[in-house]
Structure formats: C-alpha cells, structure tokens
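Welcome! Please take a moment to look over the sequence and the model shown here before reading on.

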Amino acid sequence: MGLWRARARGITEGPTPADRAGRPALPYPSGWSALAFSDELPARKVLTRPLAGEDVVLYRLPTGALRAVRPYCPHLGAHLGLAEVEGEDLVCPFHLFAFGPDGTCVRTGYGTAPPRSPLDTLPVCEVNGAVFVWRHHDGRAPDWTIPAWHVIGGRPARHTTWELCGQVQEVIENSVDVGHFATLHGWKKAETGKPVVYDGARFHVSLVAHESAPLLGDFTVEVEVDGYGLGCLHADAYTPRLGLRMCTTVMPTAIGPHRMQFRQLNRLEFAEPGFLPGPAARLVSRTAERLLGRAVFRASCEFTAADFPVWNHKQYRKPPRLAHGDGPIGAFRQWARGFYPAPAEREEGPGRTAEADRHRTPGAPASPHAHEAVRHPRQAPAPARHTHANPGSRKDTF
Ligand code: FES
Ligand SMILES: [Fe+2]
C-alpha cells in the first residue's frame, strides 16, 4: 500500500481529533463542487454522491447529457439513487414514475396522468474530466464558470479520490501557504513569482520551487496555479531540467461538517527533444510518458498526501497568527470570505445542511449575470481586477 493511500482515511473510520474539535469553524462554501470524474458516469449510469450534508443523484442520458437532482422522489420519497435510466427518462423504482430530461414527470407506473411534481434539479457542468454541481447558500444560480484547460500528453488522465477531515478552503489555501512547501513538502525553497491576482471567483498565483535531487543537482519547477472558487484548482507545473510538464487538478468537496472528499486528476507530457526530427522526437516524448506516467502520478499523490495528517487533525485558526515567511494567506482569506454567507446569515452555523438551504432556494430566478465568465459570488457588480502583495497580513478575522 502506498504511503498516500495509508494517509487517507477510509469512509468507515471513526471520528478524528478534528471531528471532536467541536462546531466546524466554517460554513459550507458556495460555488461549484466536483462530485465525480467523467469516466465514472457512462451513459445510463446513476450515481449518488454526498455534498454539503446531503446526497446528490447524478445520471447520464444516452445522449451524453448529465443531470444532477436532489435525492428524493417527489411522489413518496424513494431515494433516486435506486432509479434507472430508461430511454431519456429517470424511472423511480417504487411506483415507476418516470421523469424526463427537464425533470418533468412524464408518466406513472399505473398508466394514469402524471402529476405536476418535477424533480428538484441542480445546475451541473462537466469540464476538464470532472463533473461539478453548483450549490449556493442563498439559492443563487451559477454566475461564474470553470473554464476548459489545455489538454497535454497523449494518454488518458490519471485520477484518484480520498476522503479526509477538514475544510475545503484550507486545501485551496495551501497554494498560497508558501512557507509549508519547504517545511512539509521538502522543497528547498518556494517563492511567489508575482503578486497573487484575485479576479472575481478566480485567483492566480505563480510559484517557483527550488529543488535538488541526486544526478539532477539543483533545478527549478515553475508552477502556475489557477483557482476557481473553493472547489477547484489547476496547477500547471513545468520542470525545464526534465522537460516535464504536469497539470494537476485539485478538487476538494465539502460533504459534511469537518469532512471532505478530495479528487485529484493529473496529466503529463515530456518535451520533444529538439535535436531529433519530428516523428522521432514525438516517439521519445510519448514513450517517456508511457513508461514514467504511473511513477510520476504516484509521486504527485505522495506530494499531496503530505498534507493529509495535518488536515485530518488540525483546527481552523481565526485569526491565524501569521509571521514573516508565510505566504499571502491574509489576502487569500479575505477573498475566500466571498464564498460564504455574510456573518449575520451564518446563525445556522457551519453544520447547517443543504436540506436547510433547500428551503431557501425554490424558484430562485436565473442570474442576469449567468453568462459572465467570472464574478465574485457575493459581490455585485464584478469587482475590479486587483492584486494583493501583502504577505502575512495580520488583519484577518475569518
Ligand atoms: S416514490 Fe418514486 S414513484 Fe413513488
Ligand atoms: Fe500542501
């Protein structure tokens, strides 16, 4: 068993010190959350996945289109994770009520007129090999998107899922916690290349890692990180010395108080040697990818897993006691606040369930900004593009 597997917790394990720490410090964040990889959902597949204390049922139609619905049948409440896709319809097993692609009830198992009781659907999108579902604490429709990233290499992406304790925000925050790359992950040194850019629901940070290895000596890794909300982050890491480019998508999803599922997807490619003619250079690149792909993926998972014991047992500090040498965590936390209810709305607390939210959401109008690429989830209008370069801000209260 790899170390990165041993460091993950099985879903049947009991509470950890983090679970026992009391009331979680943060509510569930709003935005897009990954619930599956695309290849887990072939045509006609029905899948149940947790999100924010409640099940979500995903299914794929024969046309390839995806649907996400709340789990209980509007008739008498059977769990739709037991349903089947027949033709274009989702059919509940209890009384064979069938629901069309738009969620409308189109027939009953009795042959009688279908009632006007549609499925409770959720916004869903499929991008970069993963399936994301939108959830917003005030029922707002999606007003930002996750873009499609470049696809590198000639082989399918590799991916894995872990279940961990902790807050999804802290997974994303990891990318600006520059100090821990040396102290926990073993890099010789890491630094932010430019100030972090925050632009609506997106942020961008450039990192340069200084590494050293036997045979290779000293070398650098250039990392461009793009985060979208608190549920998706793309890291494009290039190691010039090896000609290796690796794209890692990190997708933490809050499934309950103090609990998350963590999905990671990797693609890689090796540069084509410039001294060889085109076809031979491509062959060398693709062969290296085929022979080393598994080992590079395992190394990437090991790197990620170094954080697991910390997340499984830590407490969310607010405010944190930051110090010189930390990354720009203070500014990140200010940005992250936009994904949560305003303080007065948080009376229900972080343990509140999506079920509670559900009663706020029916009939929420589609956002007039639904086609904007990026907008801050709690700010309107779109904030100006700005940067933060104040590492170690001590003014955080969140
Ligand atoms: S509960 Fe689903 S059809 Fe009756
Ligand atoms: Fe980390």
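## How to read the model

This is a predicted model, in which local features need pLDDT of at least 70 and side-chain atom pairs count only at pLDDT 80 or more, while totals for chains, interfaces and linings use all residues. Residues are numbered from 1 along each chain as its sequence is written, chains are lettered from A and ligands numbered from 1 in the order in which they are written, and side-chain values use heavy atoms, with hydrogens and water left out.

## The chain as a whole

The chain holds seven helices and 20 strands; these are DSSP runs numbered from the N terminus, with helices being H or I of at least four residues and strands E of at least two. Of its 398 residues, 51% are buried, meaning under 20% relative accessible area with a 1.4 Å probe, protein chains only.

Contact here means heavy atoms within 4.5 Å. Among contacts between residues at least 6 apart in sequence, 60% join residues at least 24 apart.

## Nonpolar cores

A nonpolar core is a set of buried Ala, Val, Leu, Ile, Met, Phe, Trp, Tyr and Cys residues joined through side-chain atoms within 4.5 Å. The largest one has 72 residues, and L58, F132, I146, F203, L230 and F332 have the most contacts inside it. Domain 1 (1-30 + 147-353) and domain 2 (31-135) both contribute residues, so this core lies between them; the domain bounds come from an automatic or database domain assignment.

Leaving aside neighbours within four places in sequence, I146 touches W32, V127, N128, F132, Y228 and C232. A second, separate core of 16 residues includes V46, V69, L80 and A83.

## A three-stranded sheet

Three strands make an open, antiparallel sheet in the order β1-β11-β10. Strands count as paired if DSSP finds at least two bridges between them. At the edges are β1 (31-37) and β10 (124-127), each pairing on one side only.

Four bridges join β10 to β11 (residues 130-135), and E126 stands opposite V131 in β11.

N174 lies in the loop between α2 (168-173) and α3 (179-183), and D307 in the loop between α4 (278-305) and α5 (308-313), so the pair ties together parts 133 residues apart in sequence. Both N174 and D307 are buried.

Notes
Buried < 20%, exposed > 50% of the residue type's maximum accessible area, 1.4 Å probe, protein only.
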